[in-house]
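I opened my notebook to look up a few things in this structure. Here is what I had on screen.

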Amino acid sequence: MPRGLYKFIWPFVRLLDAEQAHSLALFALKSNLIPVPKPYNPPELGVSLWGMTFPNPIGLAAGFDKNAEVFEKMLDQGFGFVEVGSVTPRPQSGNPRPRLFRLEKDRAVINQMGFNNQGHAAVASRINARTPDGGIVGVNLGKNKDSSDAAADYEVGATIFSPLADFLVINISSPNTPGLRALQGQEPLKELLTRTIAARDGVASSGGHTPILLKIAPDLTDEDKSDIAKVSIDAGVDGLIISNTTIERPDTLTDPARVEGGGLSGRPLFEMSTRVLSEMYVATDGKIPLVGVGGVEDGRGAYEKIINGASLVELYSAMVFAGPEIAETIKRELVDCLKADGYESVVDAIGAKHR
Ligand SMILES: Cc1cc2nc3c(=O)[nH]c(=O)nc-3n(C[C@H](O)[C@H](O)[C@H](O)COP(=O)(O)O)c2cc1C
């Protein structure tokens, strides 16, 4: 299928129930039905972090490829890196359907998935089989709904995946697992990070350790945010991902599906998540790299995340509306934004708003 023809097919995919459309998208990717663009990674988009070079800073956020089935296809679509998961130790089916809603009018998504995934073993075997040097792949770790020791789930995840993945993400910010976000509190967070990082260090190879990033919610008090910054730096976290979906429902929403419970993502999350990103850049004093996520749908949005402090950017919801071609479009627009403001590279623009 020629590139561009896809634009005509996508609207029909959107007529399907949101979760069916997601399954169809995975099928189409696995079956090579989605055309692959020519690689476009000009040197000004390269970012070196944690001993790796990201060919561009636009990544695929967690939740699209929960079971590590299409990460290589998404790298082929032009993403600079892919985060698979969230994955929990044991497989679990998640919440009852329907649990995924498109808010077409608001360019937003609400999900109440609840960590449906095939579990560590299935995901580990797929990551293990990947092509060496085939691109940067992170694994986002979650906990089972019925687990009695949350930190133990993350310890096991770090032990299994740190030899396999390029980076790990501790996700304690999804709104659909009861009690999960309470782990962002100072004391539970300290314990969780200390235990997970120790588990990672226990399997560290001579090549150095696998970076561990912490993914946080946008719905945090000022006290939460300053505690998270301090505890993360003290514990030796390698980066923060800001942010997960929000439980808020801004007044601007007009789509009837806005009444659904769960996490809201996409356009209405942009401002809120960018504000938290900016605050965390200040709170961490630029000491740990930040990944900006939430409502990015064009190069300008990615650029805003970067000047507010993001070293890397991720997206998911915008792809629901625009298809995977979005990675290519954003990269080209981002180059234009950098040029227009006189930056020679992404790296020069990181945190520029704070200078
Ligand atoms: C359907 C769906 C499933 C998601 N699942 C996960 C998940 O398993 N783990 C996670 O950390 N984030 C998950 N997210 C959150 C995204 O990774 C991202 O943080 C959020 O959607 C904001 O980015 P966006 O506005 O570009 O979508 C999910 C989001 C959506 C829409």
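My entries go from the ligand to the core and then to one helix.

Numbering runs from 1 along each chain as its sequence is written. This is a predicted model, so I kept in mind that local features need pLDDT of at least 70, side-chain atom pairs count only at pLDDT 80 or more, and totals for chains, interfaces and linings use all residues.

**Ligand.** I looked up what surrounds the ligand and got 28 residues, the closest being Ala61, Gly63, Ser86, Ser265 and Ser317. A residue counts as near if its C-beta atom, placed from the backbone, lies within 6 Å. The shell splits into twelve nonpolar, 14 polar and two charged residues. Gly goes with the polar ones here. Strand 4 (81-87), strand 6 (108-111), strand 11 (263-266) and helix 10 (317-322) each supply at least two shell residues.

**Core.** Next I checked the largest nonpolar core, which has 101 residues. Such a core joins buried nonpolar residues through C-beta atoms within 7 Å, and buried means 20 or more other C-beta atoms within 10 Å. Helix 11 (326-340) gives the most to this core, with seven residues. Leu213 is among those with the most contacts inside the core. I found that Leu213 touches residues including Phe167, Val237, Leu240 and Val291; contact means C-beta atoms within 7 Å.

**Helix 8.** I saw that helix 8 (270-283) has 14 residues and reaches 20 Å from first C-alpha to last. Its buried residues include Phe270, Val276, Leu277 and Tyr281. The buried residues pack against helix 7, strand 10, strand 12, helix 9 and strand 13. Asp285 follows helix 8, with a positive phi near 60°.

Terms used
Helix = DSSP H or I, 4+ residues; strand = E, 2+ residues; numbered from the N terminus. Expected span 1.5 Å × (residues − 1). Buried ≥ 20, exposed ≤ 12 C-beta atoms within 10 Å, placed from the backbone. Contact = placed C-beta atoms within 7 Å. Lists of a residue's contacts leave out its neighbours within four places in sequence.
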